[in-house]
Amino acid sequence: MKNQEELLSYRAKFLEPSPMLSLNDKAKQLKEQGVDIVNLTAGEPDGRTPWSIGKAAKAALDLGLTHYTPPGGVKELRKAIAGKLRRVNHIPAAWEEVVVGVGAKQVLSAVFQLLCEPGDEVLIPTPAWGTFIEQARLADATPVLMPLKQPFVLDAETVHRNLTNRTKILIVNTPSNPTGSVIPSEELKAIAGILRGRPIHILADEVYEQFIYDELSHTSIASLSKETRQQTITVNSFSKTYAMTGWRVGYAHTTPLLAQKLSALNSLTTSGTCSIAQYGALEAITRTPKELERMTKQYEKRRNLVLEQLGKISLLSAVPPKGAFYVFINIKKALNGKETSAQWCARLLEKKGVAVVPGEAFAFPGFMRISFAANRGQLRKGLQRIREFLREE
Ligand SMILES: Cc1ncc(COP(=O)(O)O)c(C=O)c1O
């Protein structure tokens, strides 16, 4: 056979594994080798999936609910999700407008496939979860990065400045990975106002909606008006909210037309989401587990602990996150122009066994992200080691 590299599609040529997952794997590998690692890379709740959800999934298994489901998801689950969208997110959703997928990631990827054509531009505020950028490219679109200034809250003016007649999608991720910023509803209204009447979709990733602090609340952009709702694909997931990352259940709410197309695409790619996982998700969304509120309060305490410890390190600074479970830390003073944040983070792992994600993974060098979905002991230990690392420089 010819050199296989040459035979790869142009898509495969630029394809690299998600940097976050590879870093997490590297930290796990080192741990397995017996190295004392503090892993602060994880983008997932550290607690167990609530027991009631597992019980419902086991019951589905015992009942033999183990065959293909409709590609858009089990009807009861779609109905329950529509109910939650109406109740919690104030989006007047009908079940036919909801499509279940293999985690939010697969749903997002399907949306890009259905909307983008070569030359289309996808507006992505940065720092951004790198997957948005790569998925847009995989769909032949051009990601247009919009670097935000601290405190990293997307604003209408930035959106307006970056619009062109090729703009196809705007990414709105609130609360944000990696900054934990939350877009206030007034700003969302202004953003929606600018896009109204234009042939542009809003891809609203709300997977961290459950994790909001300082008594703030989450606003779904699709709840603002009928017109904005028709332009918006609201994407959410069971992964973070219910500590169900491995179950791989996510969903989208959109227009009936796009929902039908998403189902059609699922029928050709995934044949639907794991049936057992869907019944677990049904339990999660119909009877909110009592653990949920406790989890959010626990994260808020952990966030406060991280900010308190960071306050003692003069070379590092961060905007306090209002949501999600990440702190995005400015490390430029520590880098001192001598190395990249990726190199600095690699040295931190090598010398002190602390795994964090460099800003490069979010198209924002000069920063690092730490996750506070780790227990307090690990957080203290990790930050203590970072302090020592800087002292020993
Ligand atoms: C902003 C954002 N959206 C989506 C996901 C993926 O969610 P899921 O596990 O449902 O695919 C992540 C995971 O890190 C994320 O940070």
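Student: In which sense do β9 and strand β10 pair?
Tutor: This is a predicted model, in which local features need pLDDT of at least 70, side-chain atom pairs count only at pLDDT 80 or more, and totals for chains, interfaces and linings use all residues. Residues are numbered from 1 along each chain as its sequence is written, and side-chain values use heavy atoms, with hydrogens and water left out. Helices (H or I, at least four residues) and strands (E, at least two) are DSSP runs numbered from the N terminus, and two strands pair if DSSP finds at least two bridges between them. Between β9 and β10 (residues 326-330) there are two bridges, and the sense of the pairing is antiparallel.

Student: Which residue in β10 stands opposite serine 317?
Tutor: Strands of a sheet pair through backbone hydrogen bonds, either parallel or antiparallel. Across from serine 317, the residue in β10 is asparagine 330.

Student: Which strands stand at the edges of this sheet?
Tutor: The sheet is open, has four strands with antiparallel pairing, and runs in the order β9-β10-β13-β12. Two of these strands have a single partner each, so one side of each lacks a neighbour in the sheet; they are β9 (317-318) and β12 (357-358).

Student: How much of the ligand's accessible area does the protein cover?
Tutor: A ligand nitrogen is 2.6 Å from a side-chain N or O atom of aspartate 205, and a ligand oxygen is 2.6 Å from a side-chain N or O atom of serine 237. On its own, the ligand has 400 Å² of accessible area, by the Shrake-Rupley method with a 1.4 Å probe. Of this area, the protein covers 93%.

Student: How many residues of domain 2 are in contact with domain 1?
Tutor: An automatic or database assignment sets the domain bounds, giving domain 1 (4-48 + 291-391) and domain 2 (52-286). Their C-alpha centres lie 25 Å apart. With contact meaning heavy atoms within 4.5 Å, domain 1 contributes 35 residues and domain 2 contributes 37.

Student: What is omega for the peptide bond from threonine 174 to proline 175?
Tutor: Most peptide bonds are trans. Proline 175 is in the loop between β5 (167-173) and α9 (185-195). Its bond from threonine 174 is cis, with omega near -10°.

Key. Polar contact = N/O pair within 3.5 Å; in protein donor to acceptor, adjacent residues only side chain to side chain.
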